[in-house]
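The sequence and structure are shown first.

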Amino acid sequence: MKTAVYPGSFDPITMGHIDIIKRASVMFDKLVICVMSNAKKTPIFTPDERVELIKRATAGIENIEVTSYGGLLADFAKQQGAGFIVRGLRALSDFEYEFQMALTNRKLYPDADTVFLTTSAEYMYLSSSIVKEIIRNGGFVKDAIPEPIAEDVIKKIRP
Ligand code: PNS
């Protein structure tokens, strides 16, 4: 069975993430989406809130699981018996960090390879940080956040 882990901050999940999830879910037997912590970011949603938002946003997509983990990605991948780690690439600016992370994870857990999916062109501009920034300042970009969670995300960011 081919199991892949798709890790991220998902603070909150965007349509860019959904695009990667849909495309990765048909490549593997099981795709485990894992909310993790990024030392460089201060999230506004708790891990449980992010898991719940992802579950609602991905309802109907087959062969996925959603969870959170507080430790190393390499340990989580090992625990899941995953042979693959999925990451989305938007632009060249993502590459250096992603390359370093892939090499580190393979050093820590050689049984998993990182697979990069290039983002679909329509989502190249999109990131959770941009979405939060726009909402915080009174704006809203249609098609940036999955429709079933949009209202709750906006309420949390701009109460
Ligand atoms: O969505 P993000 O913020 O780009 O995801 C980055 C994330 C959370 C996948 C990364 O920071 C991570 O793997 N965190 C878990 C801790 C870990 O394993 N760190 C070492 C990575 S080399």
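Which strand and which helix each supply at least two residues of the shell around the ligand? They are strand S1 (3-8) and helix H4 (92-108).

## Basis of the model

The model is predicted, so that local features need pLDDT of at least 70 and side-chain atom pairs count only at pLDDT 80 or more, while totals for chains, interfaces and linings use all residues. Residues are numbered from 1 along each chain as its sequence is written, and side-chain values use heavy atoms, with hydrogens and water left out.

Helices (H or I, at least four residues) and strands (E, at least two) are DSSP runs, numbered from the N terminus.

## Ligand shell

The ligand has 14 residues around it, and Ser9, Asn38, Lys41, Leu73 and Arg87 come nearest. A residue is near a molecule or strand if one of its heavy atoms lies within 4 Å of it. H4 gives the most to this shell, with three residues. By class, the shell holds six nonpolar, six polar and two charged residues. In this scheme Ala, Val, Leu, Ile, Met, Phe, Trp, Tyr, Cys and Pro count as nonpolar, Asp, Glu, Lys and Arg as charged, and the others, Gly among them, as polar.

## Largest pocket

The ligand takes up the space of the largest pocket. On a 1 Å grid over the protein atoms alone, a pocket is an open set of points with protein on both sides within 12 Å along at least five of seven lines, a cavity is a set where a 1.4 Å probe fits but cannot get out, and lining residues have an atom within 4 Å of a point. A molecule sits in either if more than half of its atoms lie within 2 Å of its grid points.

The volume of the largest pocket is about 1100 Å³. Its lining has 42 residues, and Ser9, Asn38, Lys41, Arg87 and Tyr97 lie nearest its centre. Two or more lining residues come from each of S1, helix H1 (15-25), strand S4 (84-89), H4 and helix H5 (128-136). The largest share, nine residues, belongs to H4. The lining divides into 15 nonpolar, 18 polar and nine charged residues.

## Cavity

The structure holds one cavity of 30 Å³ or more. The largest cavity has a volume of about 30 Å³, and its lining consists of Val131, Ile134, Ile135, Phe140, Val141, Ala144 and Ile145. These residues are classed as seven nonpolar, no polar and no charged. Here grid points are joined across faces, edges and corners, and a volume is the space filled by probe spheres set on the points.

## Backbone features

The peptide bond from Asp11 to Pro12 is cis, with omega near 0°, and Pro12 is placed in the loop between S1 and H1. Asn63, a residue other than glycine, has a positive phi near 50°; Asn63 lies in the loop between helix H2 (47-57) and strand S3 (64-68).
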